[in-house]
Amino acid sequence: MLFNSLTFVLHFSLFYIIYFYSTFTIRKTLLILFGLYFYSQWGIVGTLLLITSIIFNFLMGILIDSNDSKLRKRIFVFGIIVNVLYLGVFKYFLFVWGIYSDLKIELGGQSPLWKPNLLLPIGISFYTFHNISYLIEVYDNRIKVCKNFFTFVLYDLFFPLLLLGPIERPGNLIPQFESVRLISKEKIWNGLSLFCFGVFIKSSIADPLSRYVGIVANSFDSLEPGILWIVAPSIAFQVYADFFGYSLCAMGLAEMLGFELMNNFKRPFFSSNPSEFWSKWHISLSTWLRDYVYIKLGGNRHGFLRENFNLLLVWFLTGIWHGAGYGFIIWGLYLGICLILYRILKHIGFTQFQNPFIKVLGILLTFYSFSLGLLLFRINSPSESLLIVKNLQHIPSLSYIPYSLFLIILPLVLFDIWQEWKETERPSFFVNEKPYIFVCLFVVGFFWFSLVSPFAKEDFFYFQF
């Protein structure tokens with residue numbers, strides 16, 4: 001049941017009518033039931049695993065809060081280890097098993113006859129990080145422990161962010177569930193506009209780009225020389241439109257329900273350096289890793305070398321978080337090295353020389369360094385990274401460029417330019433200030449959707465994480 005499907009729209013519409021006219025207590029119950037129903041569409045076993053995780057972390061929070069410092073720390077460490085193992089078993093065990101099999105073959109042995117068949121619950125990385133942040137916040141006394149079981153269930157089962165985030169902090173989300181939320185006409189229209197645009201860029205931009213990339217880059221050893229210089233930006237806009245589209249849908253649905261989620265993207269492709277880029281891309285994950293990993297490792301408090309080592313370790317973990325595969329590990333290390341190189345240039349004062357030309361050059365270099373890195377998502381073995389380098393040694397022919405790609409990405413580019421000009425902190429169509437603008441955009445978007453959108457639905461790219 002994808003956000004960009006008629007099935008979801010019909011189910012949510014019926015749910016919303018009942019929700020809107022219900023009391024505060026009934027609304028919480030409805031949200032929990034709809035969250036269970038929504039997640040169960042991807043399998044009952046995965047739903048049972050999620051419920052188990054919810055019960056475990058709720059009890060861990062209670063135990064951490066109700067014990068003295070020595071036992072409290074042991075309970076906290078136990079809770080973190082169980083969450084990490086939970087994620088590791090279901091997401092990484094098969095990858096580690098594959099490495100073991102490969103090594104055994106390389107050493108002259110035979111591949112193991114037995115291979116486990118493990119389920120990968122959808123959204124496991126997001127809700128596990130959700131729960132780890134809750135235990136850390138309770139242990140550090142940043143928030144009060146949630147003693148209402150149904151409120152905590154809703155914290156993990158809030159369906160707009162259940163599958164792909166953003167990774168909301170408990171200090172922001174739980175208090176919203178504990179207080180009566182007013183649903184104004186302004187919230188409904190603003191939320192609806194965000195949801196519609198999220199569906200639009202997913203279906204009219206991300207899905208067509210996904211098909212183009214899938215056709216052109218299905219095998220690295222049979223590509224036209226230099227074509228990856230064209231494919232890489234296409235992948236970047238595909239991933240951006242896909243994940244930004246989901247985030248807009250989540251924000252819009254939450255606002256219609258009376259809640260406010262954090263903004264996960266802030267025009268990242270206008271960034272002129274890697275550090276700025278990662279403060280605007282997948283903000284919930286970047287800040288999560290900064291607060292709970294980078295700072296816990298010492299951050300920048302122990303000298304420049306230690307600081308960069310901490311960064312590289314964080315980016316290695318970022319790669320692992322995104323997926324169990326060689327490409328994700330190489331991708332994480334690659335982006336970590338890019339960020340460290342920039343910080344070295346900044347450390348020696350090179351970045352002090354700023355002018356419009358250098359800024360534009362910085363935007364292009366930052367965009368292309370990110371885009372080329374996304375090619376690593378698609379490799380199945382370390383040797384394929386050499387094929388990427390070999391292909392990029394050539395200049396592509398202009399005949400390789402499908403100019404329809406510019407037409408496809410144009411609405412997203414124009415939207416980001418508009419938001420940058422308005423300097424918005426959160427995406428907005430200013431529906432309540434100038435409703436006619438939204439009406440015009442909706443009509444244009446409808447015709448645009450009719451021209452370029454395929455009827456087939458693609459899964460959201462980040463479902464694999």
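Helix α9 (residues 185-216) has 32 residues and spans 46 Å from its first C-alpha to its last, close to the 46 Å expected at 1.5 Å a residue. The expected span is 1.5 Å times one less than the number of residues. A kink of about 30° lies at Ala206 in α9, shortly before the proline Pro208; the bend is the angle between axes fitted to the seven residues ending at a residue and the seven starting there.

The model is predicted: local features need pLDDT of at least 70 and side-chain atom pairs count only at pLDDT 80 or more, while totals for chains, interfaces and linings use all residues. Residues are numbered from 1 along each chain as its sequence is written, and side-chain values use heavy atoms, with hydrogens and water left out.

The protein has 18 helices and zero strands, which are DSSP runs (H or I, at least four residues, for helices; E, at least two, for strands) numbered from the N terminus. Of its 465 residues, 53% count as buried. Buried means under 20% relative accessible area, exposed over 50%, and partly exposed in between (1.4 Å probe, protein chains only).

The structure holds eleven salt bridges, each a side-chain nitrogen of Lys or Arg within 4 Å of a carboxyl oxygen of Asp or Glu. Three of them are listed here.

| Pair | N to O distance |
|---|---|
| Arg142 and Asp140 | 3.5 Å |
| Asp291 and Arg169 | 3.0 Å |
| Glu425 and Lys266 | 3.0 Å |

Both Asp291 and Arg169 are buried. Glu425 is exposed at 56% relative accessibility, whereas Lys266 is partly exposed at 22%.
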